[in-house]
Amino acid sequence: MEHSRPTPDPAAEPITPAAGATDPARDPDSRRAVDPAVDRAAGPAAEASAPAADQPPLISVRGVSKHFGDFVALNDVDLDVRRGEVVAVIGASGSGKSTLCRCINRLETITSGEIRIDGELLPEEGRELTRLRSDVGMVFQSFNLFPHLRAIDNITLGPRKVRGASKAEAEQRARELLERVGLADKAHSLPAELSGGQQQRVAIARALAMDPKALLFDEPTSALDPEVINEVLDVMGSLAERGMTMLVVTHEMGFARHVCDRVVFMDRGEIVEEGEPEQFFTAPRTQRARDFLSTILPH
């Protein structure tokens, strides 16, 4: 299924939902809808459609395996993520989802195989790794904010140290992003002064400040209290609407079903099944996927 999509510029407009807006992770009728106002603001290039199957992948994983001693965390994994695509990676705990996410950003070295970002082979170390890693932002389940730095300083650190932005440029960009994730009044707050949902939104703003080509989310809501999960999912849904390429490791089945373009199901370090969300959730092809869904979906 194709969806009308704007040019991939996720920071071009405020990304907090309007009051009373429908939560895209809960309402199937709102899946990947494009805000007409944002579409108009994006100009002629906003006529771009959903990711085409013949596009070269932005993220390419080929034959990737990862061993921890005798334990095989990933076994010969192949995966492509096209530009502008939002892919959910789901599966039981220990299935290899987070390991795959961390390998794509080279936070874990791979045992074999190759990973390419926008056609470039991801190196094992050095300046080229730093450069390519900055093109793929990472949002962790535990926020990973520096506790001694204010929200605005957490956001400006990367652009100043890696991208060479001036302090004034980085701070202006950080304030814009804080406003767009609904935290304009929290610029000078320390992480300890923020709720879990607010800290995660700062972490998303921090990742966006690097102007990445793609974002990786490693179970971004798993450490949050239930009442603040939706505020993070709303921001992620808005990023999806605006064309950000995203790989999302998640246990939020509503988000995977109604926001993502594709669902990848993993088990025992392998990709067992993948497909369009509606097909996967209503008629999974493999018994392993059916068994998994039977344990997490209401009967």
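Predicted model: local features only at pLDDT ≥ 70, side-chain atom pairs only at ≥ 80, totals over all residues.
## Overall composition

The chain contains 10 helices and 10 strands. Of its 299 residues, 51% are buried.

## Packing of H4 against H5

Two packed helices are described by the angle between their axes and the distance between the axes. Helix H4 spans residues 151-163 and helix H5 spans residues 167-180. Their axes lie 9 Å apart, and the packing angle is about 130°. H4 is therefore oblique to H5. The crossing of H4 past H5 is right-handed.

On the H4 side, the contact is formed by Ile152, Ile155, Thr156, Pro159 and Arg160. H5 contributes Lys167, Ala170, Glu171, Ala174, Arg175 and Leu178. Sorted by class, the residues in this contact of H4 with H5 are six nonpolar, one polar and four charged. An α-helix has 3.6 residues a turn, so residues three or four places apart point the same way.

## Packing of H4 against H6

H4 also packs with H6: the two axes come within 8 Å of each other and cross at roughly 25°. H4 is therefore roughly parallel to H6, an angle under 35 degrees being the criterion for that description. The H4 and H6 crossing is right-handed.

In this pairing, H4 supplies Ala151, Asn154 and Ile155, which meet Val202, Ala205 and Arg206 of H6. The contact of H4 with H6 comprises four nonpolar residues, one polar residue and one charged residue. Ile155 is listed in the contact of H4 with H5 and also in the contact of H4 with H6.

## Packing of H6 against H7

Helix H6 (residues 196-208) packs with helix H7 (residues 229-241) at an angle of about 25°, and their axes are 9 Å apart. H6 and H7 are therefore roughly parallel to each other.

The H6 residues in this contact are Gly197, Gln198, Gln200, Arg201, Ile204 and Leu208. They meet Glu231, Val232, Val235, Met236 and Leu239 of H7. By class, the contact of H6 with H7 has six nonpolar residues, three polar residues and two charged residues.

## Helix H2 and the cysteines

Helix H2 covers residues 97-104 and is mostly covered, with six of its eight residues buried. The buried positions are Lys97, Thr99, Leu100, Cys101, Cys103 and Ile104. After H2 comes Arg106, which has a positive phi near 60°.

A disulfide is a covalent bond between the sulfur atoms of two cysteines. How many disulfides does the model contain? The count is zero, the requirement being a pair of cysteine sulfur atoms within 2.5 Å. The closest cysteine sulfur to that of Cys101 belongs to Cys103 and is 9.6 Å away, so the two are too far apart for a bond. Cys101 has 0% relative accessibility and therefore counts as buried. Cys260 likewise counts as buried, because its relative accessibility is 0%.

Asn144 is not a glycine, yet its phi is positive, at about 55°. This residue is located in the loop between strand E6 (136-139) and H4. Is Asn144 buried, partly exposed or exposed? Its relative accessible area is 39%, so Asn144 is partly exposed. Asn144 and Pro191 are 47 residues apart along the chain, and their C-alpha atoms are separated by 9.8 Å.

Arg268 is another residue other than glycine with a positive phi, in this case near 55°. Arg268 occupies the loop between strand E9 (262-267) and strand E10 (270-275). Its relative accessibility is 68%, so Arg268 counts as exposed.

Methods
Residues numbered from 1 in each chain as written. Heavy atoms only, no water. Buried < 20%, exposed > 50% of the residue type's maximum accessible area, 1.4 Å probe, protein only. Axes fitted to C-alpha atoms, helices over the stretch in contact; angles between N-to-C directions. Helix = DSSP H or I, 4+ residues; strand = E, 2+ residues; numbered from the N terminus. Parallel < 35°, antiparallel > 145°, perpendicular 65-115°, else oblique. Left-handed = near helix turned anticlockwise from the far one by under 90°. Contact = heavy atoms within 4.5 Å. Nonpolar A, V, L, I, M, F, W, Y, C, P; charged D, E, K, R; others polar.
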